[in-house]
Amino acid sequence: MKLQELIVGQRFRFAKGNGKTWEKLSNNGDIAEYNYCRCIDDLNPHQKIGLMLINGDHDHRMNKDAEVIPI
């Protein structure tokens, strides 16, 4: 499955990645070559449960054609 096929908010791992869990944050459709994603495993415990604000440090632009495994 490709990253562009996931819905916003869906969690996944990259098929050829390091095993970290990611969450899709945006869907740029055909406008751009990437989607913004957040690495869930890199968040602090309070950020994971929503008790602490999350800044953009964990958000990354990922190629929307990347092969992913939905969780």
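Me: Which residues form the covered face of strand β1, and which the uncovered one?
Reply: This is a predicted model, where local features need pLDDT of at least 70, side-chain atom pairs count only at pLDDT 80 or more, and totals for chains, interfaces and linings use all residues. Residues are numbered from 1 along each chain as its sequence is written, and side-chain values use heavy atoms, without hydrogens and water. Strands are DSSP runs of E, at least two residues, numbered from the N terminus. In β1 (residues 11–14), F12 and F14 make up the covered face, while R11 and R13 make up the uncovered one.

Me: How many bridges join β1 to β2?
Reply: Strands of a sheet pair through backbone hydrogen bonds, either parallel or antiparallel. Two strands pair if DSSP finds at least two bridges between them. β1 and β2 run antiparallel and are joined by two bridges; F12 has W22 as its bridge partner in β2. With β5 (residues 68–70), β1 pairs antiparallel over three bridges, and there the partner of F12 is P70.

Me: What is the order of the strands in the open sheet?
Reply: The five strands are ordered β4-β3-β2-β1-β5, with antiparallel pairing. β4 (59–63) and β5 stand at the edges with a single partner strand each, so one side of each has no neighbour in the sheet.

Me: Is S26 buried or exposed?
Reply: Buried means under 20% relative accessible area, exposed over 50%, partly exposed in between (1.4 Å probe, protein chains only). S26 counts as buried because its relative accessibility is 15%. S26 lies in the loop between β2 (22–24) and β3 (34–39).

Technical notes. Helix = DSSP H or I, 4+ residues; strand = E, 2+ residues; numbered from the N terminus.
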